[in-house]
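Dear colleague,

Please find below the sequence and structure that I am handing over to you. My findings follow directly after.

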Amino acid sequence: MGTSPKTRLTIIVLAISRAPVYLYQYYTTQQDQVTHNRRLFLSFWGSIFLCDDHIKHHFKPNLHRSAIAGTSMGEAKTMKWLLNISALLVFLCFWGGECKYMVYDTSQKIHADKINVHLVPHSHDDVGWLKTVDQYYTGANNSIRGACVQNVLDSVISALLDDKNRKFIYVEIAFFERWWNQQSELLKAKVKELVNTGRLEFINGGMCMHDEATPHYIDLIDQTTLGHMFILREFGQKPRVGWQIDPFGHSSVQAYLLGAEVGFDSLFFARMDYQDRDKRKIDKTLEVVWQGSKSLGSSSQLFTGIFPRHYDPPDGFTFEINDVSPPIQDDVLLFDYNVQERVNDFVAAAMAQANVTRTNHIMWCMGTDFRYQYAVSWFRQMDKFIHYVNLDGRVNALYSTPSIYTDAKFAANEIWPLKTDDFFPYADKENTYWTGYFTSRPAFKGYVRAMSGYHLAARQLEFYKGRNNSGPNTDSLANAMAIAQHHDAVSGTQRQHVASDYAMRISIGYEDAEKVVAESLAFLTSSRSSDSYEKSVATFQQCPLLNISYCPPSEAVYANGKSLVVVVYNSLGWKREEVVRIPVSSNELIVKSSDGKEIESQILPIFNASLNMRNYHVKAYLGKSPSNTPKYWLGFTASLPPLGFSTYIISNAKHTDGRSRMSTVSTSDSISDETVVVGGGNLKLIYATNEGKLTRYINNRSLVEGSMEHSYSYYSGSNGTDQASGAYIFRPNATFPIKSQEQKDLTIVRGPLMDEVHQQLNSWIYQVTRVYKDKEHAEVEFTIGPIPIDDGVGKEITTQITTSLKTNKTFYTDSNGRDFIKRVRDFRPDWELQVNEPIAGNYYPINLGAYVRDESMELSVLVDRAVGGASLVDGQIELMLHRRLLYDDKKGVGEVLNETVCVLNDCKGLMIQGKYYIRIDPLGNGAKWRRTYGQEIYSPLLLAFSEQDGNDWKNNHVSSLSMIDASYSLPNNTAIITLQELESGKVLLRLAHLYEVGEDKDYSVMASVELKKLFPDRKIKKVTEMNLSGNQERSEMEKKKLAWKVKGSSEEAEIVRGGGVDSEKLVVELGPMEIRTFFIDLDYLKMFGSV
């Protein structure tokens, strides 16, 4: 359709006077059928430099949706006239006025009748990976990677201050806190305004983006709480959304505990199994409501969004300064003008994503790893895209955040699909299962787990003594443990120098916490009477290297009337009786309780395998060899009150005294019988003497009896060009059983407290199977390494516990130490699995344990650290204990997983020592042991050593004390997982129910905890229930919770949760799997240990 001369004249006049905005508006009123191409051309002239000093190009034409269409002959003539006008405008710009910069319309609007593209600017900043956390922050060591988080934050804040419509989300508070502490008060005020207006939003809000496979749930809670407390303290804000975009699989605990119970409205992530993603894209089920706990069900459900690709933008939309995506070029004075082309690209990408997403809202992650170091390069392009795409009108683009996106999804009133269980294991292609990292760096995993339990106990003791904000305190250990939960830290997927940095930070934190423990125990054991107080303040030592048989205070020779004092602390809320083992130099010893009664004890020999490991690693750790060598282990039974300590005195035995009983030692070749029975209590293990292996398991109390074998093997790691086994990936080539290189005798140690079976399987695997007289499980202590690689083959070491149970491919593994999840070999509940890796594809993360069962019995195995495990054969549980590989798996770390330990220039492959625990129960009875003993594994007894001269300890010290009411202990299904004095003086208390609904007939019931008896010496002034991370009251969180519509929600069983806390009775109820968090205000009535 053409235009009349009168119309053309009007257009020229408009162009010369008030220009492109009026030109656009006039022309569109004349042409109701104007096509998309013509509109975009006209809108372009609404955004060139203006020549009129009084006109700003900030307009919002009302566009109709239209498809891309061609241009008729009449329209072509019109376009020619407009080009002439364009030339005139450019000429006038140079001739008649001052040219001004473009102001793009980036205002936020949501359109109900369009696809809304939520642009979420973000930078994923790993808290250590290829570089250490501080190197990433400062930009050091850029030969590895040019990444500087300090630049990211400087640049982003500046760009946000330039335009009120721009937004940015930030996740890793470990970095932000560093940056925040370096800023001026003026800039802090500006940043607070950005946060308060929603232009800068904290998402997730933990100190790091934690891993979801290998951390313990208590560590996840602690690191999240630390970050949330910082955000609340500095900004008064509470994160609403989980953002776990990079972890390599996702746990059910993340959904219900670190999501819904924290108060999040949603969770977003990127990594999931490629087969699962393909199916979900077809079914439009990438966004679901996730109920991670069968016990808590819909009361802890969470809207969950999975990105259709990675956590970066669609191809062609990355704009870091050195990225290759073409920018929008909208300056007519320059070549390569491409507004139309880039808008088309944007619309095409948006429509493709909309086709796999429910509702008319989609999210683009505008960023990736360590981006926005020059933030304006991103924001400049997003400003233009929002402006031109919205003028185009086919889709609507806006700056957004995951919170805004969540609200839009909720407002859509959609009925969402339901997701249960978890998202493990993760594979990104057919031969690439990310299941190797479940075990990678097992020594570091063990260190993190040991320090987790120690941290819990240290915070309790810090509270009982009284916190010292100026130090020493537990803060540095808390910070070190927090960043150790990062998904490239405890996962074992970092470079070696970064692993060393994490370990060093934990070690420094431990040194502070060790002082807290020593000072607290000195305070608690000291007499309060004025005449003996100074004399009663003891000096305590601890033994952090006890795991390698090194403990100087217990190894010392005490003569001339001196004795060793051992104070044993129990951080659990129930009584415990447990055997304590310490290295000693004499076998002429006697152990007495604080009241002078002799305690039954046992002397065991220290074998060469332990001494060799001790001597090498002490020198590696301390830089010098031990000054003396202990000859024996001393074992004695300690009886501990709940949340309290007992004291034991070890001295040289006099001829008139009793003494520790010496163990008997024999070897299998000296036994004429075909079998040998080990175990002095209810549990008996039967070994075949001629084969030197376990054959049978008998429990005389429960009447359980069955065959049992215990074996080791290794997988040769693939070095294939398509995919190698590495830090992340488990891809085995072949399986090789590990058998004794020559016939090795069993060495059997027997005594009144325990029996042991020692086996040297080969030159690099040593095993001790220990059966305690008063326990009904077997403890297996293994020493593995250095793994030989001189044959050019990387190896992944596994152990198998094999029974005759008929388990029908089914087994159960825990989720971060909480819920157990049903697994079925070669099966996934959400899609029909194509089996490509029958071994690696059936491995799952294990933090607490695993079990299998049939119609009459169940086999349970508990672990002391995160490992990978499977049930590849019915009746069997397999654990991967160690890995040493020779090829990088090309998943980013760029380094071979080949750990070594060096003394001077002598470097050997890493040796690890660890434990796992085995038990068989009648069907339905295994949960009691798994839950109770699992808690005791996590919270081992804490030992502190002092000495007494003469016999005056009892007279001048408090020898035994429970911090709770002497007549009280927690219910057997409940644990205190946090008892911490905050800087504010309030007490943070978390109580956890340990059982799932239906897990145990006795303990899967409501539990009650009496707060008055937890704090008997203090008056409770106020109890406030909080959300899990303690940044808002629970009632406030519940009021804000979004009630999502879920398919099949009407079929849910009744959910059991504890009720409110009566201010007079002060009793806390907990339903199965419930964790409740409280702030408690206390008045101190008297000091602990006072007389």
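In which helix do phenylalanine 176 and tryptophan 179 both lie, and how many residues apart are they? In this predicted model, both belong to helix α7, three residues apart, about one turn of the helix. Phenylalanine 176 is buried, as is tryptophan 179. Their ring centres lie 5.5 Å apart with the planes at 45°, so the pair is tilted.

A second ring pair joins tyrosine 917 and tyrosine 933: the centres are 5.5 Å apart and the planes stand at 70°, so this pair is edge-to-face. Because tyrosine 917 is in strand β41 (residues 912–922) and tyrosine 933 in helix α21 (residues 926–938), the pair ties together parts that are 16 residues apart in sequence. Tyrosine 917 is buried at a relative accessible area of 6%, and tyrosine 933 is buried at 11%.

Helix α7 (residues 173–180) also meets helix α6 (residues 149–162): their axes come within 10 Å and cross at roughly 70°, which makes α6 roughly perpendicular to α7. The contact involves Val149, Gln150, Leu153, Asp154 and Ile157 of α6, together with Phe175, Phe176 and Trp179 of α7. By class, six of these residues are nonpolar, one is polar and one is charged.

Finally, threonine 435 lies in the loop between β13 (432–433) and α15 (442–465). Threonine 435 counts as buried because its relative accessibility is 0%. A polar atom of its side chain lies 3.3 Å from the backbone oxygen of alanine 840.

With kind regards

Technical notes: Residues numbered from 1 in each chain as written. Predicted model: local features only at pLDDT ≥ 70, side-chain atom pairs only at ≥ 80, totals over all residues. Heavy atoms only, no water. Axes fitted to C-alpha atoms, helices over the stretch in contact; angles between N-to-C directions. Helix = DSSP H or I, 4+ residues; strand = E, 2+ residues; numbered from the N terminus. Parallel < 35°, antiparallel > 145°, perpendicular 65-115°, else oblique. Contact = heavy atoms within 4.5 Å. Nonpolar A, V, L, I, M, F, W, Y, C, P; charged D, E, K, R; others polar. Buried < 20%, exposed > 50% of the residue type's maximum accessible area, 1.4 Å probe, protein only. Polar contact = N/O pair within 3.5 Å; in protein donor to acceptor, adjacent residues only side chain to side chain. Phe/Tyr/Trp six-rings, centres within 6.5 Å; stacked < 30°, edge-to-face > 60°.
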